[in-house]
Amino acid sequence: NYGSITNNRTFQLSGGAFNNGDSPGDLFENDGSFQFSSGAFSNNHIDYFDNSGGVFEASGTITGGFKNAAGGTVSPTNLNGVLTITGDFINEGTLEMDVSGAPQNDLIAVQGTATLNGTLNVTVHDALSSNPSFTLIDANAFTGTFTGGPTLPNPSYWTIDAAAPDY
């Protein structure tokens with residue numbers, strides 16, 4: 001366990017577990033590059049992991065809430081990466097999501113509420129089959145909408161259904 005931490009460089013976690021926050025008010029703030037794969041990141045006593053201006057590339061589980069502030073970028077690692085957030089997710093920055101014709105796609109699974117603002121960018125890695133369907137964000141509830149984007153290749157082929165149980 002650690003107290004408040006601010007990352008201004010590169011932080012890598014592969015497998016294993018990282019527990020942050022010894023007491024209420026502790027903070028984990030990312031202003032650098034945070035690379036996290038196949039592990040568990042626990043926010044003990046922290047309302048949100050704060051990605052305030054950095055790049056957060058991750059697949060695995062974050063216990064607690066996650067805030068991608070304006071200036072931050074979140075991207076599940078690898079095509080078909082799954083980032084699970086057991087609390088609420090607030091997006092004010094940029095989401096970089098990948099899809100392919102396999103079909104495979106990145107997923108952010110939120111067990112709380114997903115608050116969507118900021119920008120959604122989608123990268124297609126190979127030819128898509130006709131009428132594919134992708135879930136990029138799955139949450140118990142949604143509020144807000146993306147204010148920038150989504151940036152989609154061939155935008156006339158895409159329909160965004162924010163009224164569905166997932167986004």
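Contact here means heavy atoms within 4.5 Å of each other. The structure is a predicted model, in which local features need pLDDT of at least 70 and side-chain atom pairs count only at pLDDT 80 or more, while totals for chains, interfaces and linings use all residues. Residues are numbered from 1 along each chain as its sequence is written, and side-chain values use heavy atoms, with hydrogens and water left out.

On the secondary-structure side, the tally is simple: zero helices and 17 strands. Of the 167 residues, 47% count as buried, where buried means under 20% relative accessible area, exposed over 50%, and partly exposed anything in between (1.4 Å probe, protein chains only). The accessible surface comes to about 7800 Å², with carbon and sulfur atoms holding 45% of that; areas come from the Shrake-Rupley method with a 1.4 Å probe, and for residues only the protein chains shown count as cover. Among contacts between residues at least 6 apart in sequence, 47% join residues at least 24 apart.

Next comes the core. A nonpolar core is a set of buried Ala, Val, Leu, Ile, Met, Phe, Trp, Tyr and Cys residues joined through side-chain atoms within 4.5 Å. The largest one has 25 residues, and F56 and L95 have the most contacts inside it. In soluble globular proteins, nonpolar side chains tend to be buried together.

A search of the whole structure turns up one salt bridge, that is, a side-chain nitrogen of Lys or Arg within 4 Å of a carboxyl oxygen of Asp or Glu. The partners are K67 and E92, at 3.9 Å from N to O. Since K67 sits in strand β8 (residues 65–68) and E92 in the loop between β11 (89–91) and β12, the pair ties together parts 25 residues apart in sequence. K67 is partly exposed at 28% relative accessibility, and E92 is also partly exposed, at 35%.

D106 is another matter. This residue lies in the loop between β13 (104–105) and β14, and it is buried without a salt bridge, the nearest side chain of opposite charge being K67, 23 Å away. Its side chain does reach the backbone nitrogen of G81, at 3.2 Å. Leaving out neighbours within four places in sequence, D106 is in contact with P76, T77, N78, L79, N80, G81, E96, M97, D98, T135 and L136.

P103, in the loop between β12 and β13, is exposed at 56% relative accessible area. P132, in the loop between β15 and β16, is partly exposed at 33%. Their C-alpha atoms are 7.4 Å apart, though 29 residues separate them along the chain. In strand β12, S100 is buried, with a relative accessible area of 2%. Residues up to four places away aside, S100 touches L79, H125, D126, L128 and F134.

Note on methods:
Helices (H or I, at least four residues) and strands (E, at least two) are DSSP runs, numbered from the N terminus. Lys and Arg count as positive and Asp and Glu as negative; His and the chain ends are not counted. A polar contact is a pair of N or O atoms within 3.5 Å; within protein, one must be able to donate a hydrogen and the other to accept it, and residues adjacent in sequence count only if both atoms are side-chain atoms.
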